Amino acid sequence: MFRRTFWFTAGAAAGVWATTKVNRKLRQLTPEHLAAQAANKAIEAGHRVKDFALDVRAGMAQREAELGEALGIAEPPGRVLPPQRRLAALDRGTENQKHDEKHYGMLDNTHPYNRNEDH
């Protein structure tokens, strides 16, 4: 009797465990989760590329200074690397909002010609 109860309980526990694992894996394979995961990986890669570019920029400035000293070339006073540019796509000011509203006005469906309306 105890043997049957043990195996019944073990089977039920294994079933619950397997169901939980399958549901968790299915949730990870939804389009929303995959898109979020891809976006996170892209952001991480962007940060790594940015860090690499900054390291290259610093190394370039250092090497240029070393070569200038070795060749006896005096660097003109006040010469520095240009400041980093901020991408306009990341800067969401009022100017960009006006631009978006002007060019993407069809998104609010107030335009007289709406290709998505039923005919």
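The legends below describe close-up views of a predicted model.

Local features are taken at pLDDT of at least 70 and side-chain atom pairs at pLDDT 80 or more, whereas totals for chains, interfaces and linings use all residues. Residues are numbered from 1 along each chain as its sequence is written, and side-chain values use heavy atoms, with hydrogens and water left out.

**View 1. The protein chain and its helices.** The protein chain has three helices and zero strands, in the order α-α-α from the N terminus. Helices (H or I, at least four residues) and strands (E, at least two) are DSSP runs, numbered from the N terminus. Of the 119 residues, 2% are buried; buried means under 20% relative accessible area, exposed over 50% and partly exposed in between (1.4 Å probe, protein chains only). Areas come from the Shrake-Rupley method with a 1.4 Å probe; for residues, only the protein chains shown count as cover.

**View 2. The aromatic pair.** One aromatic pair is found in a search of the whole structure. Its members are phenylalanine 6 and tryptophan 7, in an edge-to-face arrangement with 5.0 Å centre to centre and 70 degrees between the planes. Rings of Phe, Tyr and Trp (its six-membered ring) pair if their centres lie within 6.5 Å; planes under 30 degrees apart count as stacked, over 60 as edge-to-face and the rest as tilted. Phenylalanine 6 and tryptophan 7 are both exposed.

**View 3. The salt bridge in helix α2.** The count is one salt bridge (a side-chain nitrogen of Lys or Arg within 4 Å of a carboxyl oxygen of Asp or Glu). Arginine 63 and glutamate 66 form it, with 3.3 Å between the closest N and O atoms. Because the two residues are three apart in helix α2 (residues 31–71), about one helical turn separates arginine 63 from glutamate 66. Arginine 63 is partly exposed at 46% relative accessibility, and glutamate 66 is partly exposed at 36%.

**View 4. Surface patches.** Patches are made of residues with over 30% relative accessible area and no salt bridge, like charges being joined within 9 Å and nonpolar side chains (Val, Leu, Ile, Met, Phe, Trp, Tyr) within 5 Å. Lys21, Arg24, Lys25 and Arg27 gather in a positive patch. Lys and Arg count as positive and Asp and Glu as negative, while His and the chain ends are not counted; the charge is placed at NZ of Lys, CZ of Arg, CG of Asp or CD of Glu. Lysine 21 lies in helix α1 (residues 2–28) and is partly exposed at 43% relative accessibility. A nonpolar patch consists of Leu67, Leu71 and Ile73, with about 320 Å² of accessible area together. Leucine 71 belongs to helix α2 and is exposed at 64% relative accessibility.
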